[in-house]
Amino acid sequence: MGDDQLETVLMRLTQHSNPSLLAGIPVKRKFSTGEIIRPFLCTTKEAIYHYCDQHQLMPREDPSNQSVDYTRNFYRLNVLPFLKEKNQNIHRQVQQLTERIREDDKYLTQKAEEMVSEIVQFPSAGKTASFSIPSFLQYPIALQRRAFHLILNYLYNHQIPDKISMKHEEDFLTLLQQSRANVTIDLPKSLHITKSYQEISFHFQIKQPKKTVAQKLHIPGVQALWNGFVIESSISTFTKQESHHSMYLPNDESLFPP
């Protein structure tokens, strides 16, 4: 209903800075093999209650709807009454706003897809992407932002991590203007964006397996390790206090067999 749409837009407005999210709840969207259609987005809750009263229908309502412990309920019980007092038709205006935002975003996304197809290279060898900075900067900033998210959507297999924020987008746009020749910024799940002169590349860091080396320790004695560190061992008949660089173990045959 229209109240749900109004609540959704208000919550996103206070929690996010991505304009696309202000499109709110779509009137129609694909679901499985069919579609979900919401015909009551232009109708208020009061109108639905009035209809039920006229036709002697008993609506069912979740008792938790009265609890302000839930964010949506807080807006429903505290914010919406104030807004409706100022404008009884605000739900219709917000619905018109979301439809316009959705139409504009659809058009801009289509143009961003054309931009990405034109200038971004996606080698078939792996999950990487690259493009020329001068070519990228020829497009409007609105398309640059959307192109960034389209690239991420591809690299993350359409499962962009929740940790991706507007800060990452700002860092990316700043990187395009960076005067330094070689700069890298890190994104979640080991994805890196590297600027090399006039080129930008997206690539995942390959995790190297930890190296395990077994060496025999002679006690007492001094043993040089493979990584350049040195272990000095000795036998003591009294206990000393351990430190950051020392450790004491009991002289137990079960720990140190002959």
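Let's start where two helices cross: helix H4 (residues 90-119) packs against helix H6 (residues 141-155) at about 70 degrees, and their axes are 9 Å apart. Axes here are lines fitted to C-alpha atoms, for helices over the stretch in contact, and angles run from 0 to 180 degrees between N-to-C directions. That makes H4 roughly perpendicular to H6, a label for angles of 65 to 115 degrees, while under 35 is roughly parallel, over 145 roughly antiparallel and the rest oblique. Helices (H or I, at least four residues) and strands (E, at least two) are DSSP runs, numbered from the N terminus.

Before going on, keep in mind that this is a predicted model, in which local features need pLDDT of at least 70 and side-chain atom pairs count only at pLDDT 80 or more, although totals for chains, interfaces and linings use all residues. Residues are numbered from 1 along each chain as its sequence is written, and side-chain values use heavy atoms, with hydrogens and water left out.

Back to the helix pair. On the H4 side, the residues that meet H6 are Asp 105, Leu 108, Thr 109, Lys 111, Ala 112, Glu 113, Met 115 and Val 116, and H6 answers with Leu 143, Gln 144, Arg 146, Ala 147 and Leu 150. Contact means heavy atoms within 4.5 Å. Sorted by class, this contact of H4 with H6 has seven nonpolar, two polar and four charged residues; Ala, Val, Leu, Ile, Met, Phe, Trp, Tyr, Cys and Pro count as nonpolar, Asp, Glu, Lys and Arg as charged, and the others, Gly among them, as polar.

Now for the sheet. Four strands make up an open sheet in the order S3-S6-S5-S4, with antiparallel pairing. Two strands pair if DSSP finds at least two bridges between them. Strand S3 (129-132) and strand S4 (182-187) each have a single partner strand and stand at the edges, so one side of each has no neighbour in the sheet. On average, neighbouring strands of this sheet are turned by 15 degrees against each other, direction ignored. H6 turns up again here: this helix packs on the sheet and touches S3, S4, strand S5 (191-196) and S6, with its direction at about 30 degrees to that of S6.

Walk across the sheet from S3. Four bridges join S3 to strand S6 (residues 199-204), and the two run antiparallel; Phe 131 has Ile 200 in S6 as its bridge partner. S6 then pairs with S5 in the antiparallel sense over six bridges, where His 192 stands opposite His 203 in S6. S5 and S6 form a hairpin with two residues between them, and Tyr 197 in the turn has a positive phi of about 60 degrees. Next, six bridges join S4 to S5, again antiparallel, and Asp 186 has His 192 in S5 as its bridge partner. This pair is a hairpin too, with three residues between S4 and S5 and a positive phi of about 60 degrees at Lys 189 in the turn. Five of the six residues of S5 are buried, so this strand is largely enclosed by the rest of the structure. Buried means under 20% relative accessible area, exposed over 50% and partly exposed in between (1.4 Å probe, protein chains only).

What about the charged side chains? The count comes to nine salt bridges, each one a side-chain nitrogen of Lys or Arg within 4 Å of a carboxyl oxygen of Asp or Glu. Asp 3 and Lys 84 form one of them, at 2.6 Å from N to O. Asp 3 lies in helix H1 (residues 2-15) and Lys 84 in helix H3 (residues 71-86), so the pair ties together parts that are 81 residues apart in sequence. Asp 3 is buried at 5% relative accessible area, and Lys 84 is buried at 9%. Lys 84 also meets Glu 46 in a salt bridge, at 3.2 Å. That pair links H3 to helix H2 (residues 45-54), where Glu 46 sits, across 38 residues. Glu 46 counts as partly exposed at 46%.

Within H4, Glu 114 and Lys 111 meet in a salt bridge at 3.7 Å, three residues apart, about one turn of the helix. Glu 114 is partly exposed at 41%, as is Lys 111 at 29%. Elsewhere, Asp 4, Glu 7, Arg 72 and Arg 76 are linked in a network of salt bridges.

Zooming out, the protein chain has seven helices and eight strands. Of its 258 residues, 26% count as buried.
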